[in-house]
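Look at the fold below before reading on. The report starts with open space, then turns to a helix pair and to confidence.

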Amino acid sequence: NDTNLRSMEGYATNNMILLLDVSGSMNSPEKLPLLKESVLNMLSMMREEDKVSIIAFSGKPKVLLESASFTNEAKIKKAINDLKSSGKTDGNAGLKLAYEVADENYIRGGNNRIILATDGQFATSEEILQLIQKFSKEDIFLTIFNFGKGAGASKELENLATTGKGNYAYISKENVDLRLIRE
C-alpha cells in the first residue's frame, strides 16, 4: 500500500547526499526536469531528523545545500528549482566532494548514502574508485540513478554502484518515484 511505502517509520535516520549532474546533456525534458520533480516528491516523506545535502556538478562541483534538515523545505526547494544545466561533466570532482560532505555529516547507524543522478557520460579515475571502495567499508554507500539512454555508460555506472555497495537504476518517467523512495 502506497502510504506505507511513503512512511519512514522504523527506518534509520538518513544522511543523503544528492549529487546531481547538471551538465549540458541533462538539458532535456526527461532528464533535469524529471530529476527535480522526483527529488521534490521525495522531500514530502522525510522526517525532521533526516538530513539532505545537495551538490550540483558539471565542471566544478558546488555544494548548493549543506546538510539541511528536511523540515527546511523552502531552502531545499529553492536549491532544486535553481538547478540549470550547462557545461561538461566532471564526475570525479563531483564524487570527491560528495564523499567529503557525506563524511562530515556521517550519522552513526544511519543510512549514509550518496545518490548520484547522471545521464551517464563520465569516466572515473583510479583515485575515485579507491575512494568509493574505502567509504563503502565505512558505511557510506553510493546509489546511482541513470537518466541517460547510453547502454555503454550504464555498465560502468552499474559497476560503480556495485563498488559503492549501493543500487543502480535506470530512471524513466514511469519508475522514478518508486526508485527514489525505495532508496
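How many nonpolar, polar and charged residues does the lining of the largest pocket have, by class? The lining has 6 nonpolar, 2 polar and 4 charged residues. Ala, Val, Leu, Ile, Met, Phe, Trp, Tyr, Cys and Pro count as nonpolar, Asp, Glu, Lys and Arg as charged, and the others, Gly among them, as polar.

This is a predicted model: local features need pLDDT of at least 70, side-chain atom pairs count only at pLDDT 80 or more, and totals for chains, interfaces and linings use all residues. Residues are numbered from 1 along each chain as its sequence is written, and side-chain values use heavy atoms, without hydrogens and water.

**Open space**

On a 1 Å grid over the protein atoms alone, a cavity is a set of points where a 1.4 Å probe fits but cannot get out; a pocket is an open set with protein on both sides within 12 Å along at least five of seven lines; lining residues have an atom within 4 Å of a point. A volume is the space filled by probe spheres set on the points.

| Largest pocket | about 230 Å³ | strand E2 (51-57), strand E3 (62-69) |

Lys60, Lys62, Asp82 and Lys84 are among the residues lining the pocket. A search of the whole structure finds 1 cavity of 30 Å³ or more. H2 gives the largest share, 3 residues. Leu35, Ser38 and Val39 are among the lining residues.

**A helix pair**

Helix H2 (residues 32-43) packs against helix H3 (residues 73-81) at about 170 degrees, with axes 10 Å apart. H2 is therefore roughly antiparallel to H3 (angles over 145 degrees count as such). H2 brings Lys36, Val39, Leu40 and Leu43 to the contact, and H3 brings Ile76, Lys77, Ile80 and Asn81. Contact means heavy atoms within 4.5 Å.

**Confidence**

The chain has a mean pLDDT of 87 (the predictor's confidence in each residue, from 0 to 100). Where pLDDT is low, the predicted coordinates should not be read in detail.

Methods: Axes fitted to C-alpha atoms, helices over the stretch in contact; angles between N-to-C directions. Helix = DSSP H or I, 4+ residues; strand = E, 2+ residues; numbered from the N terminus. Parallel < 35°, antiparallel > 145°, perpendicular 65-115°, else oblique.
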